[in-house]
Amino acid sequence: MLLSFLGDPVPSSGEWVAFDRRNARMNASMDLPQLNQDERLRYARHLSIPGVGEEGQRKLKAASVLLIGTGGLGSPAALYLAAAGVGRIGLVDDDKVDRSNLQRQILHGEPWIGEPKLASAQHRLREVNPLIRIEAHSSRFTPRNAEAIASEYDLILDGSDNFPTRFLTNDICFFQKKPCVYGSIFRFEGQSTVFWPDRGGPCYRCMLPSLPPPGAAPSCEEAGVLGVLPGIIGSLQAMEAIKILLGIGEPPLGELLCYDALRTSFRTLRLAKDPSCRLCGPEASIYSHDNSETRSTPDCNMTDIPSISVDELAERLKHNPATLLIDVRQPDEHAEAAIPGSRLIPLGEIADRINEIPREGEVLVHCKLGGRSAKAVTFLQAQGIQGATNVEGGIEAWLQRGS
Ligand SMILES: [Zn+2]
């Protein structure tokens, strides 16, 4: 049986397919880098797995993965990908290690508090595996640099913590036809899947067509997260990445794996392709990774939001009493003290009441200190209301000004 196809000049079609696949694999493997003795010893438990073996390990050595973020999800993913022998790992992060990260971001440790996460990550990953290359991209992943950075890698693992970056990772993967290994966490629950429309299944935008309204999804800082949870989801992401790089098993295209820690349950939800998806649908209207969703500034970085001071606000109101000023605080706060002429639309209602806001002209937005209003401005800008502008310092600064 073993060599039956050699003795039979006309194999059945099934055997031909098997033979072709074997040949294709052998041809491909000739281009793969060889393993040295150190690598053979280090990866011995991989070499003995059927379906991985020496050829699989050489595939991993030839492979490259880009990790967006070295936080909760990126930490376990980077550690396992490095340990597994992925030849080149790129890291994108511009953050510094904070003491409050250490409860879950296991790449980083006490001595690195205050230092760039990338330096800490590189140091730790070199300890884990000095035989691979770690490449540091010390910046935020933005529409400006995404194309150049992503083009250097085979696969992108999304370990980001905000919607604009998730949209950007999804969109750049779509345009570069690369697999996007997705993960997200919230308190006791996590999700993971692979978006790879080029091979079938939906994209992230099929699941979430547009930027959620501000306040709809609190950040990790606001909501909290149990430290083990990103360890589980980030490890699932590393596993899916390794499977794709090895070409074994099935990637979960169109399947969202949902983990509930409190119920100790894994459920798989079917994710259908959205026929009206603006990115991967037949009538797509998004032609670039640089678009209104990906350009939206993450909540935690408000430096790019258009804003004015309370002095400028006073000038505007003096010269044009009809200036639209929206207060996004709660009704009780508004009742207690309000800037004359301001209109109350609490942050949580802004998405539902967006029709009350004119699309043209300046729309000034304030809250108590400027944080909630910055979220509102980010959202309004993403909805195409270009005149949305934040009032820095909010009503507190206004009252201090003595007007
Ligand atoms: Zn889509």
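Reader: In which loop does Arg 187 lie?

Author: A strand is a DSSP run of E of at least two residues, a helix a run of H or I of at least four, and both are numbered from the N terminus. Arg 187 lies in the loop between β5 and β6. The model is predicted: local features need pLDDT of at least 70, side-chain atom pairs count only at pLDDT 80 or more, and totals for chains, interfaces and linings use all residues. Residues are numbered from 1 along each chain as its sequence is written.

Reader: What is the phi of Arg 187?

Author: Most residues other than glycine have a negative phi. The phi of Arg 187, however, is near 55 degrees, a positive value. Thr 264, in the loop between β7 (255–260) and β8, also is not a glycine and has a positive phi of about 50 degrees.

Reader: Is Thr 264 buried or exposed?

Author: One counts the other C-beta atoms, placed from the backbone, within 10 Å of a residue's own: 20 or more means buried, 12 or fewer exposed, and a count in between partly exposed. Thr 264 is exposed because it has 7 such neighbours. Arg 187 has 14, so it counts as partly exposed.

Reader: In what order do the strands of the open sheet stand?

Author: Two strands pair if DSSP finds at least two bridges between them. Here 8 strands form an open sheet in the order β3-β2-β1-β4-β5-β6-β7-β8, with mixed pairing. β3 (133–137) and β8 (265–270) each have a single partner strand, so one side of each lacks a neighbour in the sheet. From one strand to the next, the twist averages 15 degrees.

Reader: How many bridges join β1 to β4?

Author: There are 4 bridges between β1 and β4 (residues 155–158), and the two strands run parallel. Leu 66, for example, has Ile 156 in β4 as its bridge partner.

Reader: Which strands does helix α9 touch?

Author: Two residues are in contact if their C-beta atoms, placed from the backbone, lie within 7 Å. Angles, from 0 to 180 degrees, are taken between N-to-C directions, with axes fitted to C-alpha atoms, for helices over the stretch in contact. Helix α9 (residues 163–175) packs on the sheet and touches β1, β4, β5 (180–186) and β6 (189–195), its direction making about 165 degrees with that of β4. Helix α7 (residues 117–128) lies across β2 (88–92) and β3, at about 175 degrees to β3.
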